[in-house]
Amino acid sequence: MARAITTKQKLIWTVLAWTFGLLMFFPILWTFLTSFKTEAAAISDPPVWLFFDWTFENYTAVQERSNYPKALMNSIIIAVGSTFLGILIAVPAAWSMAFVPGKRTKDILLWMLSTKMLPAVGVLYPLVLLAKWLGVMDSRILLIVVLMLINLPIIVWMLYTYFKEIPGEILEASRMDGADLRAEILYVLTPMALPGIASTVLLNIILAWNEAFWTILLTTVNAAPLTAFIASFSAPEGLFYAKLSAASMMAIAPILVMGWFSQKQLVRGLTFGAVK
Amino acid sequence: MATMHSRSAARFMITPAVFLLLVWMLVPLCMTLYFSFADYRPLRATFEPWIGFDNYLRFVSSSSFWSSIVTTLWMVGGILSITIVGGVLMALLLDRPMFGQGIVRILVIAPFFVMPTVSALVWKNMFFNVDNGLFSYLYKFFGAQPFDFLSQAPMLSIIVIVSWQWLPFATLILLTAVQSLDSEQLEAAEMDGAPVLSRFRFIILPHLSRAITVVILIQTIFLLSIFAEIFVTTNGAFGTRTLTYLVYQRVLESQNVGLGSAGGIIAVILANIVAIFLMRIVGKNLDN
């Protein structure tokens with residue numbers, strides 16, 4: 001058994017860890033605080049920390065910008081849409097690879113992973129060209145499909161590792177009892193697979209929400225999600241720190257909350273089972 | 001076990017995913033390959049389908065290519081060193097007994113979930129800005145001359161921004177590995193009087209080596225295609241033009257599709273070299 005750890009040691013580690021934790025978190029905290037300041041207070045010298053007139057005016061100001069609600073809607077539709085489309089396609093594939101593995105299952109899994117490693121710039125122009133040719137440039141459906149495709153390997157892999165953990169004996173038992181394929185999937189597999197599917201959904205919504213190559217380059221006005229909306233702040237416009245902070249907080253808050261729930265899945269989802 | 005019936009059903013179920021990924025990979029990649037051998041400049045309405053390896057020769061012999069390779073290496077190398085060293089230390093720290101461990105972990109991981117455009121803009125304006133950034137106040141507070149980070153040290157600035165985003169990832173994965181360490185082995189070494197550093201060197205580091213390799217490979221693949229952080233901070237100026245950014249500029253800004261496509265193919269080849277090593281590790285793990 002571990003030796004008794006003195007309270008003093010524990011205190012030292014606590015102070016150290018909290019210091020580094022707060023340092024890492026500080027930019028987010030500072031953005032949060034600034035989002036409640038007036039523009040003048042946001043650039044006051046010396047900086048004000050907590051004792052300023054807290055105001056919500058930045059949040060209302062940003063929402064009144066013509067394109068914010070649209071960008072938010074686009075982000076939600078694109079992130080959720082691409083994730084669910086991906087799940088729809090990945091669940092059958094992962095199911096069959098986990099429960100009816102063939103000789104080539106391993107190769108297929110690795111090949112799927114390799115598609116994830118294709119640098120986006122390598123296919124940038126063809127995609128722009130195809131999108132224009134199909135008349136879907138700057139549309140949500142284009143972004144849904146593209147983000148679904150770049151995340152599909154991760155979705156398949158995550159589901160595969162979850163399905164692998166479901167004991168095969170249960171399936172055999174249900175087959176003995178006369179369950180057909182449909183019943184097997186619906187009544188045996190689904191209830192056991194749901195937690196895994198839920199975490200996969202969560203992580204992929206996060207990844208799709210934050211994707212910032214295709215979302216910036218394939219959209220202009222209509223389908224631009226929050227990543228592109230925020231990028232439009234890169235040209236400064238007078239005093240804008242507080243508004244930038246408010247817009248940033250609104251863009252990251254929902255994902256921060258989801259992210260905290262999916263810490264564990266992050267390791268599984270992004271290392272493809274190479275670290276356990 | 002599996003019946004013929006379920007086997008064919010399985011093949012049927014895997015088809016959509018395989019087909020979509022195959023199309024997704026092959027069609028655009030073949031088009032890029034095709035363009036890379038063509039003189040294709042849409043703005044000037046030039047399209048000559050076959051000019052041999054001219055684009056490759058021009059791309060590789062231009063000074064911007066080599067400087068972009070150097071920039072990419074510095075950027076990826078810098079970010080990797082910071083995140084790996086920082087990640088190992090952070091993981092060991094978070095593994096210690098303390099109060100509020102869960103909360104500290106949440107604080108450390110949070111930056112990973114911030115979208116790239118937000119983190120780049122927040123750092124650019126609220127920290128690096130020479131007039132109103134927090135770092136300038138800090139400099140002034142200590143009586144020093146404020147420093148214009150993004151134009152004086154643009155590379156370092158981008159490295160800081162991206163490292164801040166990826167340090168949580170390295171920490172989280174290394175922490176997972178640290179937690180699977182056999183604590184009895186460590187205690188035995190401690191009882192035998194092994195000092196902290198040699199315990200780290202001979203027990204902890206070898207145990208982490210696999211996780212470190214995985215972190216390096218995965219991060220490299222993502223870091224090779226850093227885009228948004230450069231897009232909203234320097235827009236590729238001041239020597240921050242990576243290979244990815246150079247190809248983007250050739251293809252979409254100057255609309256020299258042939259030349260840019262040749263660069264794209266080169267980027268694909270370079271990324272594949274890294275990918276092969278990662279696949280080997282992942283593949284080995286699939287067998288156990």
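Analyst: The extent of the interface comes first. In this predicted model, 98 residues of chain B are in contact with 106 residues of chain A. Trp24(B), Phe113(B) and Met115(B) supply 9% of the area that chain B buries against chain A. The area buried between the two chains is about 9300 Å². Carbon and sulfur atoms account for 80% of that area.

Next, the polar side of the interface. Between chain B and chain A the count of salt bridges is 0. Residue pairs in polar contact number 9, with both partners at pLDDT 80 or more. Helix H1 of chain B, residues 4-36, gives the largest share of the side that touches chain A, with 20 residues. By residue class, that side of chain B divides into 76 nonpolar, 13 polar and 9 charged.

One spot shows the contact across the chains at residue level. Thr115(A) sits in helix H5 of chain A, residues 105-116. Leaving aside neighbours within four places in sequence, Thr115(A) is in contact with Leu21(B) and Met25(B) from chain B, and with Pro153(A) from chain A. Thr115(A) counts as buried because its relative accessible area is 5%, under the 20% cut-off. A polar atom of the Thr115(A) side chain lies 2.5 Å from the backbone oxygen of Met112(A).

Helix H4 of chain B, residues 101-109, is another place where both chains take part. Its buried residues are Val104(B), Arg105(B), Leu107(B), Val108(B) and Ile109(B).

An α-helix has 3.6 residues a turn, so residues three or four places apart point the same way.

Asn74(A) lies in helix H4 of chain A. It is buried, with a relative accessible area of 0%. The Asn74(A) side chain reaches the backbone oxygen of Ala224(A) at 3.1 Å. These two residues are 150 apart in sequence, yet their C-alpha atoms are 6.6 Å apart in space. Not counting residues up to four places away in sequence, Asn74(A) touches Arg140(A), Asn222(A), Ala223(A), Ala224(A) and Pro225(A).

Thr83(A) is found in helix H4 of chain A, residues 68-99. Thr83(A) counts as buried because its relative accessibility is 2%. With residues up to four places away in sequence set aside, Thr83(A) touches Ile155(A), Val201(A), Asn204(A) and Ile205(A).

Charge pairing comes next. The whole structure holds 2 salt bridges over all chains. In one, the side chains of Asp39(B) and Arg41(B) meet at 3.0 Å, N to O. Asp39(B) is buried, at 16% relative accessible area. In the other, Glu190(B) and Arg199(B) meet at 3.5 Å, N to O. Here Glu190(B) is partly exposed at 31%, whereas Arg199(B) is buried at 17%.

Last, the backbone of one loop in chain B. Most residues other than glycine have a negative phi. Asn235(B) has a positive phi, near 55°. Phe238(B) also has a positive phi near 55°. Asn235(B) lies in the loop between helix H11 (228-233) and helix H12 (243-253) of chain B. Phe238(B) is found in the loop between H11 and H12 too. Asn235(B) is partly exposed, with a relative accessible area of 37%. Phe238(B) is exposed, at 52%.

To return to the interface: carbon and sulfur atoms give 80% of the buried area, and the salt-bridge count between the chains is 0.

Technical notes. Residues numbered from 1 in each chain as written. Chains lettered and ligands numbered in written order. Predicted model: local features only at pLDDT ≥ 70, side-chain atom pairs only at ≥ 80, totals over all residues. Heavy atoms only, no water. Contact = heavy atoms within 4.5 Å. Buried area = accessible area lost by both parts, 1.4 Å probe. Salt bridge = Lys/Arg side-chain N within 4 Å of Asp/Glu carboxyl O. Polar contact = N/O pair within 3.5 Å; in protein donor to acceptor, adjacent residues only side chain to side chain. Helix = DSSP H or I, 4+ residues; strand = E, 2+ residues; numbered from the N terminus. Nonpolar A, V, L, I, M, F, W, Y, C, P; charged D, E, K, R; others polar. Buried < 20%, exposed > 50% of the residue type's maximum accessible area, 1.4 Å probe, protein only.
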